Every structure is written in C-alpha cells, then in structure tokens.
Amino acid sequence: MNLFLAIFGALFSIMNPLGTVPVFVGLTKHNTKKERAITAFWTAIDVLAILLLSFHAGKYILSFFGISLNALKIAGGLIIASSGFALLTGKFSEHKGMKRDKVQKDIHSRESISLTPLAIPMLAGPGTISLLIAYNQEFQLINEITIIVAAMVSVSVVIYFILKSSHLIVRVLGASGINALSRIIGFIIIAIGIEYIISSLVDIISKLNIN
C-alpha cells in the first residue's frame with residue numbers, strides 16, 4: 001500500500017492535472033457537456049497508454065542509448081524540479097511549451113485535443129516519462145510492477161474525473177484557488193526532483209568509495 005501511495009502521489013504531483021484544468025476549459029468552452037466528457041475520457045486513455053509505454057519500454061530505451069540509471073535519475077530530477085519551479089512561479093503552461101495563443105491557433109487544425117496538447121505535453125511530459133523509466137529499473141518484482149500499473153490506472157481515472165469536472169472546478173475554486181493549489185503541488189514536485197538527484201549522487205559516491 002505504501003508503494004502504491006508513493007507512486008500515485010509522485011505521478012499525480014508531477015502531471016498536475018489541476019494545472020491542466022484552465023487549459024482544458026479554454027479549449028472546450030464551446031463544446032457541449034457530452035463532448036467535454038468524451039475529450040476527458042480519451043485524454044485519460046492517451047495518458048495511460050503513454051505511462052504504460054514509458055514504464056515497460058524503459059529498459060530498452062536505456063540500453064539503446066547506453067544511459068545509466070543514475071544519469072537518468074539526475075536528468076529526470078532536474079526536469080521534475082524545473083517543473084516544480086514553473087508551478088511556483090505560475091509559468092507551468094509556458095514551461096510545457098503551451099502558450100495559450102499558440103494553442104488556440106493550433107487547435108483549429110486538429111480533430112482532437114486529447115493526445116496533443118492535453119496528454120502530451122501538458123500531462124505526460126518528460127518529467128513523468130523519465131520518472132517511469134527509473135521506476136522500471138528500480139522495481140523488478142511482479143507484485144511491485146502490478147502495484148505500479150495499478151497506480152498508473154488510478155491516476156488516469158482521477159485525471160478523467162478532474163478534466164470532466166473542470167468547468168465546475170473553475171467555478172468553485174476560481175483561478176486563484178487553482179493557482180494556490182498548483183503552487184503547493186509545485187513545492188512537492190521540487191522536493192521529489194531533489195530527492196531523485198540526491199539518491200543518485202549518494203549511490204555514485206558510494207560506488208566510488210567501494211572502488
């Protein structure tokens with residue numbers, strides 16, 4: 001249960017679906033309630049597919065590019081921490097390459113927004129992908145893999161309900177409420193990124209001392 005909560009909490013914090021709510025509202029303001037629900041559903045499905053692919057293909061990616069786990073964790077930690085700083089400074093959308101005017105122009109040429117820009121890069125960005133690749137190397141037991149997959153499915157379900165209720169969330173919390181929550185989550189994300197960097201550095205130093 002502790003592993004499930006740790007994985008779920010890390011994924012939820014890094015993906016920050018609450019931070020995606022204003023973007024979702026802006027892109028679907030002319031859609032019906034049913035159309036918004038369908039978009040939210042397919043966004044959650046796309047996110048889950050990206051999470052599963054990132055996790056299960058992780059070892060092949062590392063092997064192909066010759067990247068060590070510690071190098072990946074340090075790089076991922078930097079990306080994760082930078083995402084946290086972006087949330088703290090209120091520049092999360094810009095950090096994800098999602099300036100509102102560009103999104104609005106681009107959306108007219110797309111049939112669906114579920115895969116891009118919502119699933120990628122708003123939710124399942126480089127920080128999430130690198131985190132899952134690291135998990136692939138750290139957790140090898142069947143029961144651990146099952147728990148991680150369950151956490152990915154659970155966070156995808158939560159993303160669906162958050163996006164589906166996004167217009168209601170905006171009305172209840174308002175922009176200031178969502179911004180405040182995002183800043184709190186940003187602090188947690190920074191801590192996660194730093195923890196990854198520290199654990200990698202400790203492992204590298206310990207190996208140097210042994211040699």
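Guide: Start with a definition: two residues are in contact when heavy atoms of theirs lie within 4.5 Å. The model is predicted.

Now to the residue, Leu 131. Leaving out residues up to four places away in sequence, Leu 131 touches Ala 10, Leu 11, Ile 14, Ile 80 and Tyr 196. Keep those names in mind. Some of them come back.

First, the setting. The protein chain has 11 helices and 0 strands. Along the sequence, its pattern reads α-α-α-α-α-α-α-α-α-α-α. Of its 211 residues, 46% count as buried. Now take the contacts in the chain with a separation of 6 or more. Residues 24 or more positions apart account for 89% of them.

Next, the core. In soluble globular proteins, nonpolar side chains tend to be buried together. Here the largest nonpolar core has 50 residues. Leu 131 is among those with the most contacts inside this core, along with Leu 11, Met 15, Tyr 135 and Met 152. The elements that give two or more residues to the core are H1, H2, H3, H5, H8, H9, H10 and H11. H10, which spans 142–164, is one of them. H10 gives the most to this core, with 8 residues.

Rolling a probe the size of a water molecule over the atoms shows where empty space is left. By the rule used here, the count is 1 cavity of 30 Å³ or more. About 30 Å³ of space lies in the largest cavity. Which residues line the largest cavity? They are Leu 72, Lys 73, Gly 76, Ile 80, Ser 130, Leu 131, Ala 134 and Tyr 196. Two elements give two or more residues to this lining: helix H5 (69–88) and helix H9 (126–138). H5 gives the most, with 4 residues. By type, the lining divides into 5 nonpolar, 2 polar and 1 charged. Now recall the contacts of Leu 131: Ile 80 and Tyr 196 are among them. Ile 80 and Tyr 196 also line the cavity.

Move to Ser 54, in helix H3. Leaving aside neighbours within four places in sequence, Ser 54 is in contact with Ile 129, Leu 132 and Ile 133. Is Ser 54 buried or exposed? Its relative accessible area is 8%, so Ser 54 is buried, since buried means under 20%. The side chain of Ser 54 also reaches the backbone oxygen of Ile 50, at 2.7 Å.

Stay in helix H3 for Ile 45. Ile 45 has a relative accessible area of 34%, so this residue counts as partly exposed. The C-alpha atoms of Ile 45 and Val 157 are separated by 8.8 Å. Along the chain, these two residues are 112 residues apart.

End with a loop. Asn 16 lies between helix H1 (2–15) and helix H2 (17–27). Most residues other than glycine have a negative phi. The phi of Asn 16 is near 50°, a positive value in a residue other than glycine. Asn 16 counts as buried because its relative accessibility is 0%.

Key
Residues are numbered from 1 along each chain as its sequence is written. This is a predicted model: local features need pLDDT of at least 70, side-chain atom pairs count only at pLDDT 80 or more; totals for chains, interfaces and linings use all residues. Side-chain values use heavy atoms; hydrogens and water are left out. On a 1 Å grid over the protein atoms alone, a cavity is a set of points where a 1.4 Å probe fits but cannot get out, and a pocket is an open set with protein on both sides within 12 Å along at least five of seven lines; lining residues have an atom within 4 Å of a point. Grid points are joined across faces, edges and corners, and a volume is the space filled by probe spheres set on the points. Ala, Val, Leu, Ile, Met, Phe, Trp, Tyr, Cys and Pro count as nonpolar, Asp, Glu, Lys and Arg as charged, and the others, Gly among them, as polar. Buried means under 20% relative accessible area, exposed over 50%, partly exposed in between (1.4 Å probe, protein chains only). A nonpolar core is a set of buried Ala, Val, Leu, Ile, Met, Phe, Trp, Tyr and Cys residues joined through side-chain atoms within 4.5 Å. A polar contact is a pair of N or O atoms within 3.5 Å; within protein, one must be able to donate a hydrogen and the other to accept it, and residues adjacent in sequence count only if both atoms are side-chain atoms.
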